[in-house]
Amino acid sequence: MFKTNNVASRIFERQIRTPAPGTSVHSARRFYENLVPSFTIYDVECPDHSFFKFTDDGQYFVCFSRNRQDLIVYRPTWLSFSCKGEDCDNNQELPPQAKRFESFFTQLYVKPLASCNELICKDFFLYMESNQYGIFATSTAQIQDARGTDGAILGVPSFEKITIHLFRLEDGFKLDEKVFHNDCVNLTHNMGAFLYDDLLAVVSLRYQTIHILQIRDSGNLVDVRAIGAYCREDDELFLNSSSQLAGNRGDLVDNGTNHDQPNSNNSFLSGIKQRLLSFIFREIWSEETDQTQRVQCLKKKFYFHFQDYVDLVILKVQFLDRHHLLIKFGSVDVGASRNTDQLPAFFAVYNMETTEIVAFYQNAADELYLLFERFCDHFHATSINSMYMNFISSHSNNIYALEQLKSMKNKATSVSQVLISLSEVVTSLPFYSFLVYLWNSLWIFFLIRILPGMFVKKMLSSLPLNCQSMSPSPYFDQSLFRFDEKLISATDRPRQSTDHPIRFISRRQPNILKFKIKTGPEFGGADGRSKKYSHFLFHPAWPLALSFIQPSLFLPPSAVNIHFRR
Amino acid sequence: MGSMLGNLPSFDPHNFSQLRPSDPSNPSKMVPSTYRPTHSRTLPPPDQVIATEAKNILIRNIYQRAEEKLRSKRAATEHLIPEHGCKQTRPSTS
């Protein structure tokens, strides 16, 4: 595309040459190789807030107050200063007025979000770019011994009140809210909700319902449907009327409101559980043509595990497009915990319009992994409106990310290959006994079956993906820069920091360092041993980044640095 | 050279010296060749509308695989619905 690396000649070249079809965004992004955040202001004096995130269009910077009651929104600006004197251009030092937090951010407003007994969930934020609406969540404290109420499953914690707030970020005006009582929604890192265009899906773990809400342009949150015990809007009416006729629901009290949830006294399962079980049944049924074989197959694969299938609970949900949901099922003790990597997980693709399950993938299914490997972008489910969200590097749209994935996969299989050949050597030794043979066959079984499965499971444990969890900053574009993924990446989580600066090396000119992010002066002496965590926030479009150094994950940051292009 | 472009500087003035720009008094004898189809087998139907597929490639793939599984066991699925039409699962007969 560009022949030289000089930014002025690149601009001239841009005037006379059009990029190859379909590559206009990539071609524009190459200018980020020239404009890098190479200058750092260390230890900036900033207000004591919990800084959270830039919105994906870079218009707002969202923070919460330390006591998690208020919302504070800043507008990112660029610093401007004037200096007096003869030799201003060659000044190495910035004037002190320029080194303040307020030079880069203008406070727009402070609004109270949570009432007295509630706290803001400081890991939850969704941004609707088309209307500049922000979605926040507050919740009360967890109720210690939650009674099992009608329809609620046991084993899941309960919160007295969880509220989802819809705010207009331009002026901080609260537009609407949706309240969940005595419920549990997993709000950390946007896990329990997913925003696609104007549709918001919220998973109520306790009542096992997926609430689909629509955000109207007027700012109202409208209930579209609730998938769980009922699939269609009129299912409840139909089931109630037919059961009254059949008379087998006499033991249930008709409250006259809603939530006439099925319990174990009912003669049948309804809603999404019924759809799921019938899909599994039909899939197993259609595998065999012989009648007796079929029945044997069913007994082994379906009826033997029937109660396990019935006990599956909805854990997480994401949109694949406007009509399709990817639902993760698992066991109830996983519900509130975070470490779900090694536990069995089942995935189903559900069509909301036809209320049919389209596909069901059992634990660590290779088929789902292949789809994830080839079409990772489509799992991110970005709406058509936000163009740049489609250019976040993933292993489906970037050859370097794909190479990394392949090398990880090869490592997982090659370790098993090496050990298989090693164990074969051992078994061929003249003095092997039956016990050694048994040990080796178990070992080989483990290597052939379990180890590659563990890799697939690890990759699939990130599904369904968290909404808006990756930063769209072009500095994370793998085709522009190479950087150490363990130290910094597009998903903004606190990581253990190192004393060495994080290097961003250009891809196109190998081994040429473009810029470094250094999180602090070289630590030595007294600080040497203590572990520190660092956390980065990159502006989506500008060469501006913030880094936070925390002594531990639960304490506020001890230092804030600003990295920008001077 | 009497060129339409005037006396602009050029690398070699003898380039394009053979070229005579077309003028109305001396029409060129070259006629651009035209190609006409000899049959109408490949004409699109008159009411054809080309539109973008609404489902994205991932969803299309998922549906395709589901259909493939069903198609390969088509004989089995014909016996799926029992004769009475009720949807109760049959107890095992063995």
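Here is a short chat about a predicted model, chains A and B.

Me: Before we start, what are the ground rules for numbering and confidence here?
Reply: Residues are numbered from 1 along each chain as its sequence is written, and chains are lettered from A and ligands numbered from 1 in the order in which they are written. Side-chain values use heavy atoms, leaving out hydrogens and water, while totals for chains, interfaces and linings use all residues, side-chain atom pairs count only at pLDDT 80 or more, and local features need pLDDT of at least 70.

Me: How many disulfides turn up over all chains?
Reply: A disulfide is a covalent bond between the sulfur atoms of two cysteines. The cut-off used is a pair of cysteine sulfur atoms within 2.5 Å. Searching the whole structure gives a count of zero.

Me: Which cysteine has the sulfur nearest to that of A:C184, then?
Reply: A:C184 is in no disulfide, and the nearest cysteine sulfur is 11 Å away. That sulfur belongs to A:C121.

Me: Is A:C184 buried or exposed?
Reply: The scale runs on relative accessible area: buried is under 20%, exposed is over 50%, and partly exposed lies in between (1.4 Å probe, protein chains only). A:C184 has 4%, so the label is buried.

Me: Moving to the open sheet in chain A, what is the order of its four strands?
Reply: Strands here are DSSP runs (E, at least two residues), helices are H or I runs of at least four, and both are numbered from the N terminus. Two strands pair if DSSP finds at least two bridges between them. The pairing in this sheet is antiparallel, and the order is β12-β13-β14-β15.

Me: Which strands of that sheet stand at the edges?
Reply: An edge strand here has a single partner strand, so one side is left without a neighbour in the sheet. In chain A that applies to β12 (193-196) and β15 (221-227).

Me: Over how many bridges do β13 and β14 of chain A pair?
Reply: β13 covers residues 199-204 and β14 covers residues 209-215, running in the antiparallel sense. Within this pair, A:L200 stands opposite A:L213. The bridge count for β13 and β14 is six.

Me: What separation do the C-alpha atoms of A:V222 and A:E177 have?
Reply: A:V222 sits in strand β15 of chain A and is partly exposed at 27%. A:E177 is 45 residues apart from A:V222 along the chain, and their C-alpha atoms are separated by 9.8 Å.

Me: Is A:N190 buried or exposed?
Reply: A:N190 is in the loop between β11 and β12 of chain A, with phi near 55°, a positive value in a residue other than glycine. A:H189 is in that loop too, with phi near 50°, and at 24% relative accessibility counts as partly exposed. A:N190 comes in at 4%, so the label is buried.

Me: Where is the proline of the cis peptide bond from A:L463 to A:P464?
Reply: That bond has omega near -20°. A:P464 is found in the loop between α10 and β20 (481-482) of chain A.

Me: How many helices does chain B have?
Reply: Buried residues make up 9% of the 94 residues in chain B. Its secondary structure has zero strands, and the helix count is two.
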